[in-house]
There are 4 protein chains.
Amino acid sequence: MPPSVSVFGAAGFTGALTARLLHRHPGFELRALTARSDQGRRLDDIYPHHRVPFELEELDLDRHGDVDAAVVAYPHGAAAPLVSKLRERGVRVVDLSADFRLRDPAVYAQWYREHQAPGLIDGAVYGLPERYREQIRGAELIANPGCYPTATLLALAPLARAGVIEDVIVDAKSGVSGAGRSPSEKTHFVTADENVNAYGVPAHRHIPEIEQELRSLGAPVRVTFVPHLVPLDQGELVSCYVTLSGADGFEGLDALYADAYADEPFVELSDRPPGVRDVRETNICRISVHPDERTGRVIVFAAIDNLWKGAASQAVQNLNLMFGLSEHGGIGPVKHGVREVVS
Amino acid sequence: MPPSVSVFGAAGFTGALTARLLHRHPGFELRALTARSDQGRRLDDIYPHHRVPFELEELDLDRHGDVDAAVVAYPHGAAAPLVSKLRERGVRVVDLSADFRLRDPAVYAQWYREHQAPGLIDGAVYGLPERYREQIRGAELIANPGCYPTATLLALAPLARAGVIEDVIVDAKSGVSGAGRSPSEKTHFVTADENVNAYGVPAHRHIPEIEQELRSLGAPVRVTFVPHLVPLDQGELVSCYVTLSGADGFEGLDALYADAYADEPFVELSDRPPGVRDVRETNICRISVHPDERTGRVIVFAAIDNLWKGAASQAVQNLNLMFGLSEHGGIGPVKHGVREVVS
Amino acid sequence: MPPSVSVFGAAGFTGALTARLLHRHPGFELRALTARSDQGRRLDDIYPHHRVPFELEELDLDRHGDVDAAVVAYPHGAAAPLVSKLRERGVRVVDLSADFRLRDPAVYAQWYREHQAPGLIDGAVYGLPERYREQIRGAELIANPGCYPTATLLALAPLARAGVIEDVIVDAKSGVSGAGRSPSEKTHFVTADENVNAYGVPAHRHIPEIEQELRSLGAPVRVTFVPHLVPLDQGELVSCYVTLSGADGFEGLDALYADAYADEPFVELSDRPPGVRDVRETNICRISVHPDERTGRVIVFAAIDNLWKGAASQAVQNLNLMFGLSEHGGIGPVKHGVREVVS
Amino acid sequence: MPPSVSVFGAAGFTGALTARLLHRHPGFELRALTARSDQGRRLDDIYPHHRVPFELEELDLDRHGDVDAAVVAYPHGAAAPLVSKLRERGVRVVDLSADFRLRDPAVYAQWYREHQAPGLIDGAVYGLPERYREQIRGAELIANPGCYPTATLLALAPLARAGVIEDVIVDAKSGVSGAGRSPSEKTHFVTADENVNAYGVPAHRHIPEIEQELRSLGAPVRVTFVPHLVPLDQGELVSCYVTLSGADGFEGLDALYADAYADEPFVELSDRPPGVRDVRETNICRISVHPDERTGRVIVFAAIDNLWKGAASQAVQNLNLMFGLSEHGGIGPVKHGVREVVS
């Protein structure tokens with residue numbers, strides 16, 4: 001019998017998509033969906049295109065906590081208490097919030113609030129499979145990465161590991177689904193349509209997460225990171241401007257990336273700058289690397305679907321690893337030429 | 001000294017645009033803006049592109065009622081009481097709501113609610129200048145038409161006057177600004193983007209307004225009217241499918257429309273089906289007429305900007321007429337070849 | 001060994017999508033792609049998101065004709081000669097063009113040109129599985145329906161079969177991919193963005209196809225059909241305004257549709273007007289039916305993805321039937337509650 | 001009698017818009033429009049919303065060269081020979097191409113081709129009024145700036161003049177109209193919709209223009225400049241990441257910009273990051289400046305309408321200056337609080 005899984009907080013964009021992916025996943029049994037709003041509505045009433053005929057239920061831990069795994073799609077800060085209770089019951093958890101991404105509760109407190117479950121931080125694994133695949137396999141609690149960190153870290157990891165990043169500026173562009181389902185002036189069609197603008201300037205909450213992971217890869221830099229809203233639904237592009245520390249220049253740049261990602265089923269290299277259309281509704285991150293000889297910089301682009309690889313399909317990828325399933329089960333195409341990794 | 005005018009309810013899309021048009025209008029002095037939300041914010045903070053450096057104030061009739069004219073942009077039902085008070089002070093009013101469009105308070109009650117100022121209905125003039133220009137000149141209270149009725153009536157008036165409409169179906173498409181500024185699931189970018197769907201089926205509130213005016217033109221028909229939401233900001237297209245009552249066919253169809261609109265500064269005829277881009281940010285209605293010989297029907301398309309000719313610029317056109325100014329003052333281009341009508 | 005299949009004309013939108021669906025289809029072996037333009041380019045260079053690592057080759061019938069099945073995605077008129085040659089070799093063909101949809105070559109000649117392979121018309125089956133499932137199973141040549149006829153016929157079939165359609169007007173809205181891949185003034189982003197307009201007025205080429213099939217269902221009517229271009233990528237909505245012939249009114253309308261489509265895996269009924277987002281990237285047609293008691297009409301909406309159910313995934317659905325495979329093989333989700341039909 | 005002006009190359013986006021602005025301009029007489037394509041079509045047939053009832057004529061210098069002023073909207077390289085002939089006739093010219101923007105013909109040759117009229121370069125004035133207003137007044141030949149340089153230079157000029165720019169990276173986002181009217185795979189709706197991607201990497205042609213003008217302002221830096229295409233029609237945002245050379249930090253940053261632009265009628269400062277909607281269809285550049293204390297950088301955003309301030313309305317602004325007219329004649333709103341500058 002396949003492991004059972006419930007989604008907590010399934011009314012939002014990422015929770016709902018996770019529910020869809022799990023509902024069609026041959027390797028899991030989707031058990032229940034809970035939500036903090038829209039209780040009693042069916043998910044396929046709110047999101048007909050997901051075609052998940054489940055009712056959104058009010059949280060009842062006794063009933064809903066009796067599963068093998070949980071995906072928690074609660075807002076930052078609200079997730080930690082629920083995760084804590086699920087862990088007490090022995091449920092393996094993938095948490096989509098930021099609550100367990102930062103190793104240092106003081107840093108978390110600075111960008112969010114006092115941490116509600118600091119005792120769980122040490123045991124949490126940062127759920128970027130391309131970085132922590134082995135740790136994820138055995139993990140009980142996964143902190144699923146933010147969408148911007150996912151794209152940025154995949155873009156920069158080979159350079160960070162090579163120890164050549166002196167400085168980096170990341171200019172990110174995200175579709176409006178990244179702002180969440182809650183209606184607001186910002187997400188109103190008439191505000192976002194025919195528009196593009198920066199937000200979260202100068203200090204977006206994803207910065208400490210990016211810097212923490214770059215540091216762990218060998219690049220202890222301060223990152224300038226500026227996200228922009230662009231008039232599209234799903235998709236995210238990061239444009240990374242890297243000043244190299246070495247004098248060697250660009251020798252071996254292509255080989256560096258080719259080696260890093262040769263066996264990665266969901267990281268694709270491209271000669272041309274990727275577009276977010278290229279990865280829409282996939283778990284794939286598409287990357288291109290360009291030396292700028294005039295300025296001595298390297299420019300790296302990475303495109304993902306913010307709801308997929310940036311959240312829901314990466315959560316399922318993590319679940320696949322945790323439960324020893326094929327890494328690409330239930331999350332669609334892998335890039336070509338990759339040996340399918342089956343545990 | 002130019003007549004003074006205030007806009008009541010200037011935080012919404014149509015009120016704010018009216019404020020912009022009047023602010024730059026050489027023939028009026030914009031005095032004040034009131035709003036029921038966002039009080040204390042400046043209009044150019046909410047809508048930078050309108051560039052109206054006025055604060056949104058809480059309504060104070062003693063202060064704000066001391067003007068020559070008022071544009072009321074309140075929701076249906078909420079407008080009538082305010083209009084009533086403004087009229088008591090002798091202020092000439094253009095009301096953007098539906099409150100004074102229907103001649104019969106019983107019909108109003110059926111589609112909206114009990115009418116709050118039935119005594120004012122008889123004196124109100126339906127503010128479609130192409131139909132009631134002379135009455136508008138002397139009017140004290142204008143019921144500014146709905147966006148859908150504006151386009152539909154301009155599309156059908158020549159046929160209605162000719163007495164040849166037996167039956168008509170109107171399939172309308174509107175940009176999202178037509179749904180108003182209030183954020184909701186419907187107006188969320190992620191709902192409207194890459195989507196198109198009907199709403200208000202089978203009976204939209206604009207139907208009695210359309211039928212009343214068609215009847216007055218000589219076409220006592222029941223109209224099937226279905227609006228659709230399309231993923232664009234401003235713009236509205238009505239596609240009218242007319243069954244003719246006479247057997248004469250299509251002789252003289254072009255001449256009928258050419259005669260009807262030859263001297264109209266804001267009605268443009270086109271050989272090709274008009275697009276809403278053609279009239280964006282103008283007071284112009286662009287129309288094309290097509291006989292369908294296979295089925296014996298006539299197809300008429302009319303495109304307007306729902307916020308301009310469908311609301312704000314038509315309100316200013318009415319104000320221009322009421323105060324004896326040039327009809328196109330402050331509302332931009334007229335079609336070519338029209339003698340500018342100056343009183 | 002699974003049957004082999006090649007796609008002829010794979011550079012266009014529908015051919016390329018068919019190639020993608022077949023490339024991932026467990027029941028077919030995609031053998032080759034030919035194209036009349038872009039020869040030598042790889043399909044995943046033109047369409048990265050399809051991830052089909054095949055080169056577009058120049059047509060060489062000796063090489064490419066040695067397959068069990070062919071999908072032909074040539075322009076109208078150009079398809080017939082190629083289909084003819086493929087049939088001579090015994091290849092089973094699904095033709096995406098209009099060349100074999102019309103039973104009467106004289107009608108074809110009137111709307112297109114002199115037919116190039118009239119001898120094949122009689123043997124062709126119109127590939128709408130919800131109408132001709134049994135005939136498709138044994139067919140050697142399938143005329144894959146047009147996108148507009150697919151949506152329109154699924155919307156109207158229950159009423160047509162019931163013999164109650166007296167008259168019908170179809171107002172259709174299509175995304176820009178329906179205009180094909182060839183760049184033109186019409187498909188330029190700046191033309192289509194923030195726009196909506198009718199085209200092909202008053203007589204679009206899909207009309208005879210719609211009328212032929214309505215007639216065969218028992219509704220010999222002349223259809224007014226007007227397509228509109230809306231600013232979105234993929235998706236198509238038809239709004240059908242039906243005048244009923246009987247006096248019985250609307251009794252049993254819901255039951256009529258529920259019965260008609262209870263067992264159809266790809267036809268979904270909805271209480272609310274469907275949006276094209278609801279069916280994006282699926283083979284599903286989503287329908288809602290609304291009596292308009294004021295006018296005595298019935299309004300039916302049907303939404304499809306024009307590239308999927310309107311072309312490519314319907315072609316694969318037909319191939320599945322032709323080769324005795326599961327009808328939904330390789331084409332994604334079916335609606336809920338349907339028993340999966342496996343041969 | 002107002003000065004006469006013709007537009008050469010009026011079929012493209014920027015030429016056509018220039019024609020519209022001049023056609024409605026009270027201070028000029030629009031004499032004729034020429035075009036290299038679409039000859040014989042009327043401009044209001046191609047662009048109904050511009051409402052310019054002029055025919056596009058084949059170039060006939062004897063006829064069309066008899067004007068006081070010319071706007072040339074030819075492609076780079078094709079403009080210089082025509083400009084040369086117009087200057088021989090004494091016509092004052094605003095050239096929208098890049099042909100006279102670069103002071104050094106060797107640099108021009110490196111990025112474009114051998115220069116066709118090098119003798120005219122010295123006499124040309126770079127038409128950025130906020131930088132060269134006085135020289136423009138007396139100029140006979142204006143090199144109208146590129147859209148990206150316009151926004152970038154207005155964003156950076158105060159810092160450049162202050163001598164504090166050590167390094168700068170510019171990440172630019174442009175609507176699709178920036179790619180021109182010519183239909184192509186890049187400008188196809190289905191390519192650009194729901195997409196965002198970089199192009200012209202690593203070296204876009206606007207770089208030497210930006211560097212030349214920054215140098216002349218006191219900032220001899222090498223610029224990393226990367227443009228991106230975003231799915232909207234008109235609008236351009238540049239995000240500038242500036243490393244400061246001084247150690248003083250951010251003291252006086254706001255005052256620096258406030259002083260620089262206090263009297264500029266078309267440069268607006270904002271506390272929040274500007275959106276391109278804020279400046280749509282205006283000649284206004286909207287700028288915000290943000291210190292990033294974590295990294296010691298300054299981030300500057302500037303939004304313009306690429307077709308207006310980035311091309312056509314800036315050309316008219318230049319014509320206004322050249323002919324001693326009010327600088328804002330015919331080009332719409334100025335920002336608030338600015339004394340209108342009338343010569």
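Predicted model: local features only at pLDDT ≥ 70, side-chain atom pairs only at ≥ 80, totals over all residues.
A residue counts as buried when its relative accessible area is under 20%.

**Stop 1: the ring pair between chains A and B.** Across all chains, the structure contains 26 aromatic pairs. Begin by selecting F189(A) and F189(B), whose rings are stacked, with 5.2 Å from centre to centre and 15 degrees between the planes. Displaying the helices shows that this pair crosses between chains: F189(A) belongs to helix α8 (residues 189–192) of chain A, and F189(B) to helix α8 (residues 189–192) of chain B. Both F189(A) and F189(B) are buried.

**Stop 2: a pair within chain B.** Next, select F28(B) and F323(B). Their planes stand at 85 degrees and their centres are 5.6 Å apart, so the pair is edge-to-face. F28(B) is found in the loop between α1 (13–23) and β2 (29–34) of chain B, while F323(B) is in the segment after α11 (312–322) of that chain; the pair therefore ties together parts that are 295 residues apart in sequence. Colour the two residues by accessibility. F28(B) has a relative accessible area of 5% and is therefore buried, whereas F323(B), at 22% relative accessibility, counts as partly exposed.

**Stop 3: arginine over phenylalanine in chains C and D.** Move to chain C and select R92(C) together with F323(C). R92(C) lies over the face of F323(C), at 4.8 Å from the ring centre. Then turn to chain D and select R92(D) with F323(D): here R92(D) is placed over the face of F323(D), 4.8 Å from the ring centre.

Definitions and conventions
Residues numbered from 1 in each chain as written. Chains lettered and ligands numbered in written order. Heavy atoms only, no water. Phe/Tyr/Trp six-rings, centres within 6.5 Å; stacked < 30°, edge-to-face > 60°. Helix = DSSP H or I, 4+ residues; strand = E, 2+ residues; numbered from the N terminus. Buried < 20%, exposed > 50% of the residue type's maximum accessible area, 1.4 Å probe, protein only. Lys NZ or Arg CZ within 6 Å of the ring centre and 35° of its normal.
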